[in-house]
Amino acid sequence: MSNEKLVDYDDAVKRYDPVIGIEVHVELGTRTKMFDGAEQGFGAPANTQVTPISLGLPGTLPVTNGKAVEYAIRIGLALNCQIAEVCRFARKHYFYPDIPKNFQTSQSDEPIAFDGHLDVELEDGTMFRVEIERAHMEEDAGKNTHVGGADGRIHGADYSLVDYNRSGIPLVEIVTKPILGAGERAPEVARAYVQTLRDIFRALEVSEARMERGNVRADINVSLRPTPDSPLGTRSETKNVNSFRSIEKAVRYEVSRHAAILDAGNKVPQETRHFHEEDGTTSSGRPKSDADDYRYFPEPDLVPVAPSRQWVEDIRAALPELPAARRRRLHDAWGFADAEMRDVVNAGALDLIDATVAAETTPAAARKWWMGELSRVAKQADVALDELAITPAQVGELQSLIDAKRINDKIARQVIDGVLAGEGDPAAVVEARGLEIVSDDGPLLAAIDETLAAQPDIVEKVRGGNLGPIGAIIGAVMKATKGQADAGRVRELIIERIGA
Amino acid sequence: MSTISCDEVARVAALARIDLTDEEVAKFAGELDVIVESVARVSKVATLDVPATSHPLPLTNVFRDDVPEPSLPIDDVLAAAPESQDGKFVVAQILGEE
Amino acid sequence: MTDLTCLSAAALADGLAAGEYTSVDVTQAHLNRIADVEPAIHAFLHVSAEEALAAARETDAKRAAGQKMAPLAGVPIAIKDLVVTKGLPTTAASKILEGWIPPYDATIIERIKAAGLPILGKTNLDEFAMGSSTEHSAFGPTRNPWDLGRIPGGSGGGSAAAVAAFEAPLAIGTDTGGSIRQPGAVTGTVGVKPTYGSISRYGCIAMASSLDQAGPVTRTVLDAALLHELLGGHDPRDSTSLNEPLPPLVAAAKQGASGDLTGVRVGVVKEMHGEGYQPGVEARFNEAVAQMQAAGAEVIEVSCPHFPYAFDAYYLIMPAEVSSNLAKFDGMRFGLRVEPREGPITAERVMSATRGAGFGPEVKRRIILGTYALGAGHFDEYYGAAQRVRTLIQRDFAEAYAQVDVLVSPTAPTTAFRFGEKVDDLMAMYLNDVATIPANLAGVPGISVPAGLSDDAMPVGFQILAPAKADDRLYRVGAALETLLERQWGAPLLTQAPAL
């Protein structure tokens, strides 16, 4: 547990203006690595996705993956960036066992995309514009695993194991300009920004963008200044914050920590920080030092990338609809209220409802199921909506059974239980469980007559024009038919029978 | 007289991850003056209006298709490793990691 | 039977095709010669007798079976130990790589094997190709077959000496600032630095990537053309490889062999002879130019005013790239690993100890120089300025080639010096490359052909430079000069070398 001095967050943001900056790394979902033909994919045994190039063996040379360049341009265009006419790769030098060449091939002052922006929707529907400084291409590092020192090595020292499967996987790094004006909402802006990026990566089909696999990683810069008119303060850079919740926590923590340092009249040291998932704190990494003299120079083994304007326009024309535009389109098409739409988005139900509507269900019905009964089930089971064992097509089928009056809403819940229990599609569940509502009027009329005979006083009232008590009769009939009757039809038949 | 100090050489050697003896540091400090002299001559002719040439021949857009090739067999991967364990390279403790 | 080691590669290829002898005969003859003279010369770091004979047997079997053979099939070759050979030790003449057995072949090695040339072994060089004498090899110097008390040039002294001593008819060199041409000059052999990108660099351990180029080391111009055609052509593994066919090189050499130079415009570079050049070198150069004029060439003096700055630019660019390319030698994945003698064992301290112990003084010197030059705040003033000089040198070449077809100069300012003579005089050592460096900076091709003996009875080299991608001109003019001079001498220059 950290023993840093902290100022209460709400107090801190009353007295200081937080400024954040975010660097997001996304691993591209190409089949092969950035500069060599080694296959990439999650979960392969250690060092089985490596060529001599991924290992940086003497004599090897890089060759750029054209698909990765295309993906980088896609991302740049989606973030409203300019695409460079010419840009080069550069070598960024630092010695580290997971960097096989002891330099990372990256882009220093010549990013492929620059000067963009992204409009981010906050939870209450406010739009916040984040300015993008640049998006550049680079390669990922290998992975170190640390092993404890209880095995009798010299001084009982710990040691590390290195796996180079990840070494060379294409990355695009997206760097914001300082995000000003977020005020107390800085943590929310940070989270929403990364979440929006994640959705864009998926829509663009450039990455699976799974945070938990490290496909998307964020470094969060935070600084405070007394007022929005003051010059920027010294920032800290919290590395590898890898979940949406953690992003909010990291910003909050750093704001509280900086405020305490500034309150005490001290200077915030410029340093990198490590984020601790378990308690939401950060701890000091290393100060900026000589080791940050990266000695960039243009990578002589790679030639410049000069995307023709035709190529860029072709990529632009083929861009899929982006999440924000799609949300606007669906919002209009579905006619939901603003608050309803926001709830749908926040619940992660947008895709599910869209797919359910595609299965010929009305938007209102689709929303009713996903935001109602299915949300309740998901919450109970503590899983995401899209992790439920029911597909939009099955929800669509469920609704069509209702529309055909073969089941009613109440029975539908039992059908959902059956589908979730793996009993098959809704129609099969209805069949197997014998849930089909009685639609033949014969047995219904028998049940109605029986009920009416037992309640002559109510019948009188209804005949007299007071339809209020009819509900009691319907309820009794439904009970007699064990709920398997169509309530609407029961009502019709009762009125017909009584002759009201 | 050397314009590059021994401290500077030691700093650069640390950056380049090379252990040097004190004798080597002193020797290189003197020899590195060659670079200072070169810079003086070069900067006289290489005025900023001259564009830089980073690649001898002007090629652009050399791309590879996104088609996988086989991995090196794991035995070949680790054959040259000074030390390995569980299919991975063994290295000494890495400073600066949690 | 003639001594098979005295024949040119072209003659051997003819004899093999005619069935006069087998590749096993030729290979064994060279292995015998190696066994005889190696104790005196030390051209090889590793002799691969078994593998060479196995390859020879395979080639003989294919020929016997009537298969179509490559022009040089069956002619053995020696490989500079900077080129990666699968299964054969590859050291770059450095302790840091001692014992490394690569798991892959360089592209040029693949081509050599596919064409059926037995590989005799790996030749000596200055460590990582840094030097002009092989005195910087970690495994002891190579001696010049003309005078065992003198250096064979460098860095490719091993390849040049092996060819000059008739240990191999063909060899591979690499040329970053003259490492093929200068050893060729001082051993009375032919060395070609092709146009940058003409021959794949994949698998050639990088010294300075934007300058390095592999090429042929032979005794005749025709042999060099034959080998260049075998090695050259596009390689998708090298991004800087030219994606266009080679000009017809062998045809150009055959055309030149007539000795006729009618209509060829030859430019004598004012800045590349005269002051600083040994009188005997200058005399042989001028005589050769006169011979060319007599054979119909139009000789013009041209000025390349920025060539005097090439040396300075080279000594900024080369170490910078060296410091980067040699970062990967860190004791983590391959090669030497040295633990620090005292203090904690950490990865970074193991790297420093390994590099401190594994690199020789010249390599360390250049890494330190390059690291300094690329360091924070220096880039524009150092590497950036040197790259601007590079542009000026390219412009000088362009202007010169507007007037002439080829440029000529002595290859090196002096003949081979004695061991130890210059090892402590950095400037004198570096100045060996003064005439060869401009071609590397501009990426243009150059050849060194023997021009006779200086007053000290040591060989003098004559350098011919051509525009980028016009390597055929080297062979046309080089073969003509070879014919003209051999007519004068009555025999190839190497026949004048003392017996070993």
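Modeller: Start with an interface, bearing in mind that the model is predicted. Chain A brings 28 residues to its contact with chain C, and chain C brings 37 residues. The chain A side of that contact consists of 17 nonpolar, six polar and five charged residues.

Colleague: How many residues of chain C are in contact with chain B?

Modeller: There, 57 residues of chain C meet 45 residues of chain B. On the chain C side, helices H10 (310-325), H11 (347-358), H12 (361-374) and H13 (380-401) each supply at least two residues. H13(C) has the largest share, with twelve residues. By class, this side of chain C holds 29 nonpolar, 17 polar and eleven charged residues.

Colleague: Now the sheet. In what order do the strands of chain C lie?

Modeller: In general, strands of a sheet pair through backbone hydrogen bonds, parallel or antiparallel. In chain C, eleven strands make an open sheet with mixed pairing, in the order S1-S3-S2-S4-S6-S5-S10-S11-S9-S7-S8.

Colleague: Why is one side of S1 and of S8 in chain C left without a neighbour in the sheet?

Modeller: Strands S1 (44-47) and S8 (298-302) of chain C are at the edges and each has a single partner strand, so one side of each lacks a neighbour in the sheet. Neighbouring strands of the sheet are turned by 25° against each other on average, direction ignored.

Colleague: Which way do S4 and S6 of chain C run, and what lies across them?

Modeller: S4 (residues 170-175) and S6 (residues 213-218) of chain C run antiparallel and are joined by six bridges. Leu170(C) has Thr218(C) in S6(C) as its bridge partner. Helix H7 (residues 221-231) of chain C lies across S4, S5 (190-193), S6 and S10 (446-453) of chain C, at about 145° to S6(C).

Key. Residues numbered from 1 in each chain as written. Chains lettered and ligands numbered in written order. Predicted model: local features only at pLDDT ≥ 70, side-chain atom pairs only at ≥ 80, totals over all residues. Contact = placed C-beta atoms within 7 Å. Nonpolar A, V, L, I, M, F, W, Y, C, P; charged D, E, K, R; others polar. Helix = DSSP H or I, 4+ residues; strand = E, 2+ residues; numbered from the N terminus. Pairing = 2+ DSSP bridges. Axes fitted to C-alpha atoms, helices over the stretch in contact; angles between N-to-C directions.
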